[in-house]
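I opened the notebook to record what I could look up in this structure, going from the overall fold to single side chains. The entries keep to what the coordinates give.

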Amino acid sequence: MLGFAKVETDLIAVEDSPEVQAADRPLREAQATQEQTEAEEQRLIQVVTSDVHRASDDRIEEAHQRLAIRKGSQSSWHLPEAQTAREETKAHRAIYQAAVSAARIRLEDAGKEQLKRLLGQLSPLIMDVQRLAGEIEALRQRVGDCGGDLGEHPCPVLLPGQLVSFQMELAKAKGLL
């Protein structure tokens, strides 16, 4: 039981990785700033472009002072602070994704090491069980040769060339055994 508890504490969920948590907060803050500045951007664009509810001259003047037109465009208004916020969010998202990828790799590497250890313990047991399955099959054959019938093998997947043998060969090919 203690070995199982130790195995559990060695594996750290990707979201619980200190690097991911450290990258998460700045990303959330950048996203919040982006949302706020984009809302302000939309409000200012609406002031400049709306004909329905004519804004006061002060608001229109403020919108013209704060908004810029994208290069190569004559009508694509944007708020420079919103563009900066979008770029910061993008940069923080890249940092976050890199931290998630690194944490996932560490988690998978730790899991593979534990899997190798467990398969190393399991492999001899499976070989013993397969040997016994072979003895059962040999007994069935001897009884059948003498005119009797013991029915089907109770667990044919354990016989050579069957599912368990195939899975063990696959684990060896993957370098897990």
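**Entry 1: ground rules.** I am working with a predicted model, in which local features need pLDDT of at least 70 and side-chain atom pairs count only at pLDDT 80 or more, while totals for chains, interfaces and linings use all residues. I number residues from 1 along each chain as its sequence is written, and I take side-chain values from heavy atoms, with hydrogens and water left out.

**Entry 2: the fold.** I looked up the secondary structure first, taking helices (H or I, at least four residues) and strands (E, at least two) as DSSP runs numbered from the N terminus. The chain has 5 helices and 2 strands, and along the sequence they follow the pattern α-α-α-β-β-α-α. I then turned to helix 4 and found that it bends by about 30° at Leu122, with a proline, Pro124, following within four residues; the bend here is the angle between axes fitted to the seven residues ending at a residue and the seven starting there. Just after helix 4, I noted that Gly147 takes a positive phi of about 100°.

Entry 3: For accessible areas I used the Shrake-Rupley method with a 1.4 Å probe, where for residues only the protein chains shown count as cover. The accessible surface of the chain comes to about 12,600 Å², and 56% of it belongs to carbon and sulfur atoms. I call a residue buried under 20% relative accessible area, exposed over 50% and partly exposed in between; of the 177 residues of the chain, 25% count as buried. I also checked contacts (heavy atoms within 4.5 Å), and among those in the chain between residues at least 6 apart in sequence, 55% join residues at least 24 apart.

**Entry 4: nonpolar cores.** By a nonpolar core I mean a set of buried Ala, Val, Leu, Ile, Met, Phe, Trp, Tyr and Cys residues joined through side-chain atoms within 4.5 Å. The largest one has 10 residues in all, among them Leu44, Val48, Ile60, Leu67, Trp77 and Ala82. The elements that give two or more residues to this core are helix 2 and helix 3 (57-66), and the largest share, 4 residues, comes from helix 2. Apart from this core lies another, of 8 residues, which includes Val14, Leu27, Val100 and Ala103.

**Entry 5: salt bridges.** Why would such side chains pair at all? Side chains of opposite charge can do so when their charged atoms come close. I counted a salt bridge wherever a side-chain nitrogen of Lys or Arg lies within 4 Å of a carboxyl oxygen of Asp or Glu, and the count comes to 10.

In one of them, the side chains of Asp24 and Arg28 meet at 2.6 Å, N to O. Asp24 and Arg28 are 4 residues apart in helix 2 (residues 18-49), so about one helical turn separates them, and Arg28 counts as exposed at 54% relative accessibility. Glu40 and Arg43 form another, their closest N and O atoms being 2.7 Å apart; both lie in helix 2, 3 residues apart, about one turn of the helix, and Arg43 is partly exposed at 26%.

The side chains of Arg86 and Glu41 also meet in a salt bridge, at 3.2 Å, N to O. Arg86 lies in helix 4 (residues 80-145) and Glu41 in helix 2, so this pair ties together parts that are 45 residues apart in sequence. Glu41 is buried, with a relative accessible area of 4%, and salt bridges that share partners join Glu38, Glu41 and Arg86 into one network.

**Entry 6: single residues.** Is Gln34 buried or exposed? At 17% relative accessibility, Gln34 counts as buried; Gln34 lies in helix 2 and, leaving aside its neighbours within four places in sequence, is in contact with Ala85, Arg86 and Thr89. Gln130, in helix 4, also counts as buried, at 17% relative accessibility, and beyond its neighbours within four places in sequence Gln130 is in contact with Leu158, Val164 and Ser165. Pro80, placed in helix 4, counts as partly exposed at 33% relative accessibility, and Pro80 and Leu67, 13 residues apart in sequence, are 7.0 Å apart in space, C-alpha to C-alpha.

Definitions and conventions:
Buried < 20%, exposed > 50% of the residue type's maximum accessible area, 1.4 Å probe, protein only.
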